[in-house]
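Here is a short briefing on one protein model. Read it with the sequence and the structure side by side.

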Amino acid sequence: MKEKEMIQQIKNGDVRAFRELYDLYFDYAIRVATIIMNHQRSNATDAVQETFIRVYQNIQSYDTSRPFKAWFYRILINECNRILKRDGKILSVGEIMVETKNDGQMGEDISRFTEYESLYSAIESLEQHHRIPIVLKYLNGFKEKEIAEILNENINTIKSRLYKGKQKLKRLLQTEKGGSQNG
């Protein structure tokens, strides 16, 4: 089923169409939320769950002439920001890995996570206004114009944040690489 058709069926009250939408967006949403939430998996899950609830509750107000994906991700990012603001607690990558190992959860994810630890750590260390555009562009494939719509910002602001964020990431990764070679 095509996305526009699916949205229209959801607007008509078709619960199965909503389930298809959920299946279509869940994996991407949880990846974005996990990175934005600094790998606090339970908070990321809460943000995604709340996003789907808000989508379901507000689908009637969604303008079908606009891209659904951008609307969906705007809600998701707002939920992530709301939870981050509520909790005010950010864990380091090391704390997350210790918690995960102690819980015995996500065993195979740990090895994959370790592989990209430097990159994730660098992304997490960026300020939120640089981190979110980078996550949306490079992990979710959004175009700069779409990111501007999702974040309700000017496209030039997004371009600038992407540029500065990439420069900071580059410096962070080079510093770490130099530090690990010397240390």
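Along the sequence, the protein chain reads α-α-α-α-α-α-α-α-α-α. That is 10 helices and zero strands. Helices are DSSP runs of H or I with at least four residues, strands are E runs of at least two, and both are numbered from the N terminus. The model is predicted: local features need pLDDT of at least 70, side-chain atom pairs count only at pLDDT 80 or more, and totals for chains, interfaces and linings use all residues. Residue numbers start from 1 along each chain as its sequence is written, and side-chain values use heavy atoms, with hydrogens and water left out.

**Overall make-up**

- The protein chain has 183 residues, and 38% of them are buried.
- Buried means under 20% relative accessible area, exposed means over 50%, and partly exposed lies in between (1.4 Å probe, protein chains only).
- Take the contacts between residues at least 6 apart in sequence: 65% of them join residues at least 24 apart.
- Contact here means heavy atoms within 4.5 Å.

**Helix α1 against helix α2**

- Helix α1 covers residues 3-11 and helix α2 covers residues 15-36.
- They pack at an angle of about 135°, with their axes 8 Å apart.
- Axes are lines fitted to C-alpha atoms, for helices over the stretch in contact, and angles run from 0 to 180 degrees between N-to-C directions.
- α1 and α2 are therefore oblique to each other.
- The cut-offs are under 35 degrees for roughly parallel, over 145 for roughly antiparallel and 65 to 115 for roughly perpendicular, with the rest oblique.
- The crossing of α1 past α2 is left-handed.
- A crossing is left-handed if the near helix is turned anticlockwise from the far one by less than a right angle, and right-handed if clockwise.
- From α1, the contact uses Glu 3, Met 6, Ile 7, Gln 9 and Ile 10. From α2, it uses Ala 17, Phe 18, Glu 20, Leu 21, Leu 24 and Tyr 25.
- By class, this contact of α1 with α2 has eight nonpolar, one polar and two charged residues.
- Ala, Val, Leu, Ile, Met, Phe, Trp, Tyr, Cys and Pro count as nonpolar, Asp, Glu, Lys and Arg as charged, and the others, Gly among them, as polar.

**Helix α4 against helix α9**

- Helix α4 (residues 68-87) packs on helix α9 (residues 144-151) at an angle of about 50°. Their axes are 8 Å apart.
- α4 and α9 are therefore oblique to each other.
- α4 passes α9 in a right-handed crossing.
- Ala 70, Tyr 73, Arg 74 and Ile 77 of α4 touch Glu 146, Glu 149, Ile 150 and Leu 151 of α9.
- The contact of α4 with α9 holds five nonpolar, no polar and three charged residues.

**Salt bridges**

- The structure has eight salt bridges. Each is a side-chain nitrogen of Lys or Arg within 4 Å of a carboxyl oxygen of Asp or Glu.
- Glu 50 and Arg 54 form one, at 3.8 Å from N to O. Both lie in helix α3 (residues 41-58), four residues apart, about one turn of the helix.
- Glu 50 is partly exposed at 24% relative accessibility. Arg 54 is partly exposed at 30%.
- Arg 82 and Glu 79 form another, at 2.8 Å from N to O. Both lie in helix α4, three residues apart, about one turn of the helix.
- Arg 82 is partly exposed, with a relative accessible area of 36%. Glu 79 is buried, at 4%.
- Lys 168 pairs with Glu 127, and their closest N and O atoms are 3.0 Å apart.
- Lys 168 lies in helix α10 (residues 155-182) and Glu 127 in the loop between α7 (117-125) and α8 (128-139), so this pair ties together parts that are 41 residues apart in sequence.
- Lys 168 is partly exposed at 24% relative accessible area, and Glu 127 is partly exposed at 36%.
- Through shared partners, salt bridges join Glu 50, Arg 54, Glu 79 and Arg 82 into one network.

**Single residues to look at**

- His 130 lies in helix α8 and is buried, at 4% relative accessibility.
- Leaving aside neighbours within four places in sequence, His 130 is in contact with Arg 161, Lys 164, Gly 165 and Lys 168.
- Asn 152 sits in the loop between α9 and α10. Asn 152 is exposed, at 65% relative accessibility.
- Asn 152 has a positive phi of about 55°, although it is not a glycine.
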